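Here is a structure to walk through in short steps. Keep the sequence and the model side by side as you read.

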Amino acid sequence: MPQFSHLISGAAWSISGKVMQFGLSLVTLAVIARLVGPQAYGVYALGWLALGLFDILVGGAPTDTLVQRRHASRGHFNATFWATLAIAIVGWLGIWQGADAISSWIAGGEVLAAILPIRAVGFVIRGLGVCPGAQLLRESRFRALAKAELMASVVSNLLGIVMAISGAGIWSLVGMELSRVLIVTVSAFILTGWRPGLTMKLSDFTDLLAFNTSTWVSWGLGYLESQLPRLLIGSALGPQAVGYFALAQRLKDQVCDILMVPAYNVVQAGIARAQDDLDNARRLAAGTFRVTAVLSCPLFLGLAALAPVLVPTIFGAQWTAAVPVVQLLMLLGLRASVATVQAAVIRGMGKAHWDMVLAIVGVLLSAILVSAAAPSGLVPAAAALVLGGVLLYPLEVRFVRRLTGLTFVDQTSALARAAAAGTGMALIVVGVAPLLLAHVPAGLTIGLSMLIGAIAYWALLRLFMPVAAAVIEQLFSSVVRRDFGALRTSLAELSV
């Protein structure tokens with residue numbers, strides 16, 4: 001399947017870039033979390049309650065719309081650019097004028113009121129970059145996009161560290177955020193050579209409006225589902241508890257970014273162009289389910305097992321209370337590895353309103369379960385999120401089956417087998433890490449535990465998924481030899 005091989009090749013570049021970004025972000029987060037502390041980090045996290053919706057309006061949703069369309073004209077791109085930019089400017093001015101009221105509503109204090117107008121500048125910057133970014137995705141230029149994102153990650157993380165060490169406090173997080181989006185936007189313009197124009201018709205706006213409306217609602221509800229726990233936790237337990245939760249959520253999201261964002265981009269772009277070829281679309285989805293399952297299980301389950309040593313060692317003893325929350329959200333990340341592919345299939349098939357239904361159900365589940373659990377503490381609130389994800393899963397499976405014919409077993413079997421190997425690995429790490437910690441420094445304990453876990457996962461994978469284990473061996477050999485052509489070939493083999 002040439003198209004699939006090409007997309008997997010592009011995904012390999014994207015994954016490689018995300019892995020390096022994760023390493024950089026982890027180092028930066030470790031430095032800044034130590035210097036800023038849970039209270040200030042919680043205030044910064046609360047800011048997304050106000051900023052997230054506008055970020056969706058000027059970023060994710062318009063990009064999705066342009067990528068999903070089979071045929072996107074110059075007029076569609078121009079219409080998207082000017083409409084998005086207008087929304088971004090209005091959003092920025094609204095946040096600027098209402099910063100004090102917003103901060104008062106979510107109990108963020110004077111610090112949050114001060115940083116909100118500056119952070120909202122990111123709306124305008126991101127709005128400028130929507131069209132060239134969408135063009136890169138439509139052309140499957142994942143390698144170029146990965147390089148741009150990696151450069152943005154390096155520069156923004158270094159800036160954040162320098163600012164934090166210089167005593168900038170919460171402003172170091174603001175500097176990181178704005179510099180990253182600025183570099184990605186400028187890079188997208190340079191890579192594509194795209195420039196906005198005035199050639200557009202009213203029909204270009206109306207063509208995009210129906211899909212955009214469903215997309216905005218879906219993404220908005222997804223935002224609400226991710227941010228609602230912060231609001232409920234903050235109301236019940238205060239900003240410090242939000243800080244613990246936000247750190248755990250950030251770690252989970254960073255791991256998701258390594259595999260889930262490339263998987264989403266690949267599947268949505270591929271299926272959007274294979275809507276009339278159901279067999280091709282089915283193979284693309286099934287193959288991505290296998291790839292993400294085999295690669296995500298050791299990441300999520302390994303980090304959950306290592307969290308009791310990893311969190312206090314990297315972020316400091318003041319963050320120890322975040323450990324059980326990290327472990328629970330890593331379990332939620334496992335479900336996300338399948339749910340992301342499912343969402344990409346649904347949206348790639350042009351069923352944005354189905355995704356909207358899933359988002360509505362997800363928000364309702366989060367609201368009910370977290371509201372009931374948050375007064376009892378942070379850990380019950382995190383456990384409620386995991387339960388909500390489990391309850392939503394059958395509906396996601398049903399939608400994908402209607403579109404592609406992939407059954408519950410087709411969508412779940414690879415994750416179940418990889419999770420069995422990952423669970424065995426995690427149990428070994430849980431047993432080994434305390435023994436190592438009693439005799440060697442924490443940093444060395446983490447390194448040795450990761451090595452033992454990797455070996456254990458490979459051995460157990462040979463039992464549960466022998467073909468995948470053989471491909472993992474090829475992947476490892478390719479990385480050691482720095483043979484990236486072979487690396488992309490191995491990923492393609494894992495998908496079939």
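How are helix 14 and helix 15 oriented relative to each other, roughly parallel or roughly antiparallel? Keep in mind that this is a predicted model. Begin with the geometry. Two packed helices are described by the angle between their axes and the distance between the axes. Helix 14 covers residues 408-437. Helix 15 covers residues 442-464. Their axes come within 8 Å and cross at roughly 150°. Angles over 145 degrees count as roughly antiparallel. Helix 14 and helix 15 are therefore roughly antiparallel to each other. Their crossing has a hand as well: right-handed.

Which element gives the patch its largest share? Helix 15 does, with six residues. Is Leu448 buried or partly exposed? Its relative accessible area is 30%, so Leu448 is partly exposed.

Now look for charged pairs. Side chains of opposite charge can pair when their charged atoms come close. How many salt bridges does the model hold? The count comes to three.

Take Arg119 and Glu177. Their closest N and O atoms are 3.0 Å apart, and the two form a salt bridge. Arg119 lies in helix 4 (residues 109-119) and Glu177 in helix 7 (residues 171-192), so this pair ties together parts that are 58 residues apart in sequence. Arg119 is buried, and Glu177 is buried too.

Next come Arg335 and Glu396. Their side chains meet in a salt bridge, at 2.6 Å from N to O. What does this pair tie together? Arg335 sits in helix 11 (residues 323-348) and Glu396 in helix 13, so the pair links parts that are 61 residues apart in sequence. Arg335 has a relative accessible area of 18% and is buried. Glu396 has a relative accessible area of 6% and is buried. The cut-off for buried is under 20%.

Then there are Lys252 and Asp253. Their side chains also meet in a salt bridge, with N to O at 3.3 Å. Lys252 counts as buried, at 12% relative accessibility. Asp253 is partly exposed, because its relative accessible area is 32%.

Go back to helix 13, which spans residues 378-404. Phe399 is found in this helix. Is Phe399 buried or exposed? Phe399 is buried, with a relative accessible area of 10%. Now trace the chain from Phe399 to Lys351. The two are 48 residues apart in sequence. In space, they are 9.5 Å apart, C-alpha to C-alpha.

Finish at a loop. Where does Gly47 sit? Its place is in the loop between helix 1 (2-46) and helix 2 (48-68). Gly47 is buried, and its relative accessible area is 0%. Along the sequence, Gly47 and Ile102 are 55 residues apart. From C-alpha to C-alpha, the distance between Gly47 and Ile102 is 9.0 Å.

Note on methods. Residues are numbered from 1 along each chain as its sequence is written. This is a predicted model: local features need pLDDT of at least 70, side-chain atom pairs count only at pLDDT 80 or more; totals for chains, interfaces and linings use all residues. Side-chain values use heavy atoms; hydrogens and water are left out. Helices (H or I, at least four residues) and strands (E, at least two) are DSSP runs, numbered from the N terminus. Buried means under 20% relative accessible area, exposed over 50%, partly exposed in between (1.4 Å probe, protein chains only). Axes are lines fitted to C-alpha atoms, for helices over the stretch in contact, and angles run from 0 to 180 degrees between N-to-C directions. Angles under 35 degrees count as roughly parallel, over 145 as roughly antiparallel, 65 to 115 as roughly perpendicular and the rest as oblique. A crossing is left-handed if the near helix is turned anticlockwise from the far one by less than a right angle, and right-handed if clockwise. A salt bridge is a side-chain nitrogen of Lys or Arg within 4 Å of a carboxyl oxygen of Asp or Glu.
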